[in-house]
Amino acid sequence: MSKKLVAYFSPTGTTKVLAQNLADAIGAELFEIVPEVPYKSADLNWMNSKARSTVEMKDPSSRPAISALPDVSGYDTIFVGFPIWWYVAPTIINTFLEGCDLGGKTVIPFATSGGSGMGETSSRLKPSCGGAKLLEGRAFRKNTSKADLAAWVQGLE
């Protein structure tokens with residue numbers, strides 16, 4: 001039986017709910033990806049071209065610092081959760097993936113979204129997943145049931 005980790009980034013708390021439900025549904029450990037500099041509400045205003053999130057997302061090489069990384073050596077599968085920003089994962093997810101030794105692991109993205117799908121998430125994350133098998137991810141609503149999450153994971157195996 002493989003050991004699973006659910007790592008998530010949730011600046012507003014929405015993705016946290018989904019990540020907790022996923023971890024509960026599949027018996028995984030949970031890790032919150034915490035930025036060194038927390039995002040304030042104004043930082044997340046995607047309509048403001050000078051907002052932190054907008055500036056980061058316009059620069060594909062942006063790598064916001066993370067306060068701590070987990071030791072992933074004991075895990076076979078790592079689920080990585082985040083809100084969809086501009087049809088892709090926030091660049092802090094690249095920071096997380098590039099900071100972990102993912103050799104031989106399976107990485108599965110999942111996201112919260114108000115309506116858009118995963119967009120170009122996989123193609124943008126693949127270069128950051130050194131040595132890992134990256135599976136196609138899926139976007140969910142935050143209130144997706146544990147049973148639906150468990151069924152999704154079972155369908156991946």
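Modeller: The dialogue below treats salt bridges and then a pocket. Please note that this is a predicted model.

Biologist: How many salt bridges are there?

Modeller: Side chains of opposite charge can pair when their charged atoms come close. In this structure the count comes to six salt bridges.

Biologist: Which parts does the salt bridge between Lys 3 and Glu 29 tie together?

Modeller: The closest N and O atoms of Lys 3 and Glu 29 are 3.2 Å apart. Lys 3 lies in the segment before strand 1 (4-8) and Glu 29 in strand 2 (residues 29-32), so the pair ties together parts that are 26 residues apart in sequence. Lys 3 is partly exposed, at 39% relative accessible area, and Glu 29 is partly exposed at 39%.

Biologist: Where do Glu 56 and Arg 52 lie, and are they buried or exposed?

Modeller: Both residues belong to helix 2 (residues 52-58), four residues apart, about one turn of the helix. Both Glu 56 and Arg 52 are buried, and their closest N and O atoms are 3.0 Å apart. Together with Asp 43, Arg 52 and Glu 56 are linked in a network of salt bridges.

Biologist: Which residues are the closest to the centre of the largest pocket?

Modeller: The largest pocket has a volume of about 490 Å³. Of its 18 lining residues, Trp 46, Pro 83, Ile 84, Trp 85 and Trp 86 are the closest to the centre.

Biologist: How does the lining divide into nonpolar, polar and charged residues?

Modeller: The lining of the largest pocket has eight nonpolar, 10 polar and no charged residues.

How values were computed:
Residues are numbered from 1 along each chain as its sequence is written. This is a predicted model: local features need pLDDT of at least 70, side-chain atom pairs count only at pLDDT 80 or more; totals for chains, interfaces and linings use all residues. Side-chain values use heavy atoms; hydrogens and water are left out. On a 1 Å grid over the protein atoms alone, a cavity is a set of points where a 1.4 Å probe fits but cannot get out, and a pocket is an open set with protein on both sides within 12 Å along at least five of seven lines; lining residues have an atom within 4 Å of a point. Grid points are joined across faces, edges and corners, and a volume is the space filled by probe spheres set on the points. Ala, Val, Leu, Ile, Met, Phe, Trp, Tyr, Cys and Pro count as nonpolar, Asp, Glu, Lys and Arg as charged, and the others, Gly among them, as polar. A salt bridge is a side-chain nitrogen of Lys or Arg within 4 Å of a carboxyl oxygen of Asp or Glu. Helices (H or I, at least four residues) and strands (E, at least two) are DSSP runs, numbered from the N terminus. Buried means under 20% relative accessible area, exposed over 50%, partly exposed in between (1.4 Å probe, protein chains only).
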